[in-house]
Amino acid sequence: MKLALTVFVAAAAMLGGDLAAQGISQSSPAAPVGLGYQRASHLRFDPFRHVMIPHWGFVVSAGASAANNTVNFGDIGAFMFLSDRDSLLIGDVLDALGLVPKGVGVTGGGEAEGGLYLGGPFGRRLSIGFSVQGRGYGGFTLDDDAVALLRDGNGARQEFTLGDSRGEALGTAEAGVHAVVRLGPVGSANGTHVSLGFGGRYIRPLVYARGRSLLSNGGTLVLTGDTIAANIEVESLNTPEFEFDRGSGIAADFLLRIEWPASGFALEGMVANLGKVTMSGLERRTLKVDLATTSLGEVNDVLDTLDLQLQETVDRDVTLPTIVRFSGSAWANRILQLDVSATLPYAGAFEIPLTVDLGSTWRLLRAVPLRLGVVVGGHQGLGYTAGIGVETRNFLLQFAAGSLGGLLKNASGAAGRFELGFFF
Amino acid sequence: MIVRSTKAILSLFALGLIVGGCEPATITDARDQLGRGGERIVEFLIPVVDTVFKVETLLDSSRVDTTASGVLAVRFTPQTLSVGIGDTLAFIGVGDSIAIEESQKIVSSDVDFGDLEDAVRNSTINSANILFVAANSAGAPVVLSDLNLGVVRLDAAGNVPRDAFGVPAYEVDSLGDPILVPVVDPGQTTFTVDSAAVSTVTLPGGELVDYLVHLLLSGDSASIVAAGTMTVGDAGTRRINASDRVSVILELAVVLDITIPDSGVSFTRNTVQDGLDLDSEDANQIVDRLVSAILTTEVTNRTSFGVEVDIAFTAGDLGEGADIFSRPDRVALDKIVLRRPTVDTAGLAVQPSTSTVVIELTGDQARQLLDEEFTAGLRILMLPGTGGGGRGVIRAADEVVINSRVRIRLRAGTSQ
């Protein structure tokens, strides 16, 4: 341990220099913004969020986002209102099914994280940060072929299927180390700056759940005037209880950022969350329905006996959702910074749809940025984000929130973030 | 400054939460919220029943036989008659003939027509068999001559009424002649039971059994009377004990070959069925949203009769005896008609007939079906097939195939 620390300090000294010497033109619009704060704050997963700040300190942060493509907060409030008054009836559920977009089905997902960061620079070119946090991912899809029976009936169409319906959720505890190497300026004192980020996280899975159809085409459900037939088989996989020592995993994160400070531009690419988690002791349950009848009474009898049966205990590898994001920033003037980032879609477990964030940061007071933005894509369509913070040499405070898919009551998703940091 | 900024930021957030309050003010607002997807019609086509109804299930299977031609026959409880030989011969000589008369009261519980009782009550029985089994315990043969079976209506005291000559007052036919069934061996004029032996003969007794059945179904008391002459012994040396007897077992069987009037035979039934078992609020909401409910039933009639049915129903279990049709809260449906099949002169259907019945239920009518149970009253008019002169037989193979489905259209969402 002592040797490692000695090597680190020596390397820092070799790379060392005064960060202040990484100067930019005073005429650049980016000039008033602290180095670590030039990178726009994100409501989404960003493992390099704090290590990019070139000062020693610690940050406590938490954030979450969740969205779906069907119900908004007003709908949820209506469900709760009716349910609290024992007035939620079959017809209300039938009405709500009309909210599911045709041809799409119901999709939704979310993520959450919270933890502590401690880190800082070693010289002018290297920053290293350590983090411990908890994180959760979740996503679900209810195929339109499964919803259509109750939403539209079987007057025009008699065959249905579970299709691609599935759901998955994972909660983890993580400890990570990330580093950023700053190169440049290339050419001149105001030349291009390149930042290379890399890091890894050791992951302990805490809770996990998954549900899916076991039949490759989702099975079949046929309802005609003469026949009720179903061939469906589903599986659930879950951790039976909260346990810390259930498995482990490793995730790797990478970042490449290029800045043209004199021109006020920056481009960035990030690939994060590359890795998987291995879990043991998962309970696997299945449920099978194989029915062909002409009698509703027989259907009711079968439904009364349905139950997920425990089959076995299994081990499983879960691939983490890979995050690929491209971002660009521009400093229009000394007050306004514009950012755009695109998070590419991920089609595996915890499906991530394509999402584009367009943001603006207004520094009417240099240390108090106001952030306004829109989100396009994701599960919810159009959304709005806003935030406010205090960013100084020694202090960081951030509040940010998003109303996704609409404003306030009409939003079908929400996001929020809080950060509090102190730097020395 | 940092503290003041933090306070301001927290206040903004709180204000945001209040402004963003998501719960509606009223139930109507909540329902309008959930219906914001727009009004739509949801149509469900659901099978209700696909079944084969065997007519013989209307009868008690423990009392039903099938004749060689496949026609169902309902058995009476076997009746026993017994004539003592030994004690009688104490007063007569061997080889002499003695007059015998034995009667056996028949009660209504001796025959069970199940759910066909009303149909039988209002029809003419064309065919019935009487199995006559005689067991002779004596060591000498017995010859029964001029032995006839007849039916009498018992008097108020339960006795066999007699005419001025002491002859039982048998039921008579339309010409006034007593309805009698002679007990004879095939091709013979007498019936012989060998010594220590059993003899059996099947007698055609359609008209006699028809009168007997109608007396029983109308609540009258009746007896079968066997009267005639018995001759014991022959030229050989025979041994007869004082306890020797001739025991007779009568097994009557009504062959379900009946003639019903062209205007048909009507009877009523109540049946209690399971409803959808929705609670009251759910049921009322479904009814409010009902655009249409159309019940289509295809019936293939593989019997020799046509049927017209009036149906009325009401929520709840009102039992078998309630008159649903007189209740003010009843829901009456349009008449269901199963076409009369074409039958031959023997009463057999030439080919099956198919009918399609379509009934449209209103919301109020459908409401009765949504509780836990409902009672349906059926007024059934059973009609003869065409071409058979009103005659029809009920066979073991007779069945009605019913395929029924309902198309329900419900309104969902709120008009925008």
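Trainee: In this predicted model, which side chain meets that of A:Glu233 in a salt bridge?

Mentor: Because the model is predicted, we read the pairing as a computed one. A:Glu233 belongs to strand 8 of chain A and its partner to strand 10 (residues 265-293) of chain A, so the pair ties together parts that are 55 residues apart in sequence. The nitrogen-to-oxygen distance is 3.8 Å, and the partner of A:Glu233 is A:Lys288.

Trainee: Is A:Glu235, which meets A:Arg210 in a salt bridge, buried or exposed?

Mentor: The side chains of A:Glu235 and A:Arg210 meet at 2.6 Å, N to O, and the pair links strand 8 (residues 228-238) of chain A with strand 6 (residues 192-213) of chain A. A residue counts as buried under 20% relative accessible area. A:Arg210, with 11%, is buried, and because A:Glu235 has 5% relative accessibility, A:Glu235 counts as buried.

Trainee: How many residues apart in sequence are the parts that A:Glu113 and A:Arg135 tie together?

Mentor: The side chains of these two residues, A:Glu113 and A:Arg135, meet in a salt bridge of 2.3 Å, N to O, and both residues are buried. A:Glu113 lies in strand 2 (residues 106-122) of chain A and A:Arg135 in strand 3 (residues 126-142) of chain A, so the parts they tie together are 22 residues apart.

Trainee: Which element of chain B has the lowest mean pLDDT?

Mentor: Chain B averages a pLDDT of 82, but over residues 1-12 of chain B the pLDDT stays under 50. Where pLDDT is low, the predicted coordinates should not be read in detail. With a mean of 43, the lowest element of chain B is helix 1 (residues 2-19).

Terms used. Residues are numbered from 1 along each chain as its sequence is written. Chains are lettered from A and ligands numbered from 1 in the order in which they are written. This is a predicted model: local features need pLDDT of at least 70, side-chain atom pairs count only at pLDDT 80 or more; totals for chains, interfaces and linings use all residues. Side-chain values use heavy atoms; hydrogens and water are left out. pLDDT is the predictor's confidence in each residue, from 0 to 100. Helices (H or I, at least four residues) and strands (E, at least two) are DSSP runs, numbered from the N terminus. Contact means heavy atoms within 4.5 Å. A salt bridge is a side-chain nitrogen of Lys or Arg within 4 Å of a carboxyl oxygen of Asp or Glu. Buried means under 20% relative accessible area, exposed over 50%, partly exposed in between (1.4 Å probe, protein chains only).
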